[in-house]
Amino acid sequence: MKITINGESHTCQAGETLLSFLKAEGISPQTVVAEYNGSIVQMNQFGTTLLHDGDSLELLRFVGGG
Amino acid sequence: MLLEVNEKKGRNIMEDQLIIGGKEIKSRLFLGTGKFGDDHLIPKCIEASGAQIITVAMRRIDFHTSQENMMQYIPKDCILMPNTSGARNAEEAVRIARLGRAAGCGDWVKIEVVSDNKYLLPDNEETLKAVDTLVKEGFTVLPYMTPDLYAARRMRDSGAAAVMPFGAPIGTNKGLRTREVVQIMAEELDLPVVVDAGIGKPSEAAECMEIGAAAVLVNTAVATAGDPVRMAAAFGKAVQAGREAFLASPGAVRQYAEASSPLTGFLHEA
């Protein structure tokens, strides 16, 4: 299935959760803020957020800024 | 003795507190974390400057490059203030602010709404809309703004915890080019005025404080200095010196010389 992450198309396996996707990408979930189909996902819900074909995901993190 | 002098003319230094969002802020220097050549310098600069309020930005994760988690470089006792940089209108600023809060780093936010990429000047009208929404959602909101007394009053009426007019465009190191308006804002507003952006040297930060600013926010000036840690320490001292000078009430400016030594008792007097 295909989902859009940060504006780019990604291929994911069916049954993947937000948490398993982040782990597969080597990204520490504690450093991520997620917006799933336009709604903020709290960190403790990453493991129960199932990804579906056509979903849109924004994944952000803090960076240096003024 | 100090207090006696100040009762006459200046202000009471003993009671000089900076309160923003119901919190007493220890340092009148706010520090940004962008543009550092090496993020390891960030905690050293925070320590050297004494800064307590630290700004960060939020960006999309880049899957093509490995990125360090910069939050590990910010001491836990700091107040984290995510900015909404990248927002071009109020809606985008509100969205970024909510995401920042979801990251679990408190409810402070620096509103930054910019749609002009050449000078990065903040859009006061859109900023005000974002302030309005976010204050109602319980954020402690500090808007970055184009210096303007009326706009600042509206921000205050909407519940902004402070206002942050620029001294010069972001990253220019040009100093306090907006002095007249910032001074009027500091005089007329009953909430803290924080000069944010454009300050390049400690003397300019001191100047902001001397004319009554409550605090100064710097980033580029420290991050791009030859020795950022030393520059951070210099800014910390400059802000303190400027604040004390403001509290002490500087003497009058005069057109002609006025001798500091007595004008009588010269050797040549008959």
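In chain B of this predicted model, the axes of helix α3(B) and helix α4 (residues 124-136) come within 8 Å and cross at roughly 40°. Two packed helices are described by the angle between their axes and the distance between the axes. An angle under 35 degrees would count as roughly parallel, and one from 65 to 115 as roughly perpendicular; α3(B) and α4(B) are therefore oblique to each other. The crossing of α3(B) past α4(B) is right-handed.

The residues that form this helix contact can be named on both sides. From α3(B) come B:Ala90, B:Ala93, B:Val94 and B:Ala97, while α4(B) contributes B:Glu126, B:Lys129, B:Ala130, B:Thr133 and B:Leu134. By class, six residues of the contact between α3(B) and α4(B) are nonpolar, one is polar and two are charged.

Attention now turns to the interface between the chains. Here 28 residues of chain B are in contact with 20 residues of chain A. On the side of chain B that touches chain A, β4 (53-60) and α3 (90-102) each supply at least two residues. The largest share of that side, six residues, comes from β4(B). The side of chain B that touches chain A comprises 13 nonpolar, 10 polar and five charged residues.

Strand β4(B) also takes part in pairing across the two chains. In β4(B), B:Ala57 stands opposite A:Val63.

Key. Residues are numbered from 1 along each chain as its sequence is written. Chains are lettered from A and ligands numbered from 1 in the order in which they are written. This is a predicted model: local features need pLDDT of at least 70, side-chain atom pairs count only at pLDDT 80 or more; totals for chains, interfaces and linings use all residues. Two residues are in contact if their C-beta atoms, placed from the backbone, lie within 7 Å. Helices (H or I, at least four residues) and strands (E, at least two) are DSSP runs, numbered from the N terminus. Ala, Val, Leu, Ile, Met, Phe, Trp, Tyr, Cys and Pro count as nonpolar, Asp, Glu, Lys and Arg as charged, and the others, Gly among them, as polar. Two strands pair if DSSP finds at least two bridges between them. Axes are lines fitted to C-alpha atoms, for helices over the stretch in contact, and angles run from 0 to 180 degrees between N-to-C directions. Angles under 35 degrees count as roughly parallel, over 145 as roughly antiparallel, 65 to 115 as roughly perpendicular and the rest as oblique. A crossing is left-handed if the near helix is turned anticlockwise from the far one by less than a right angle, and right-handed if clockwise.
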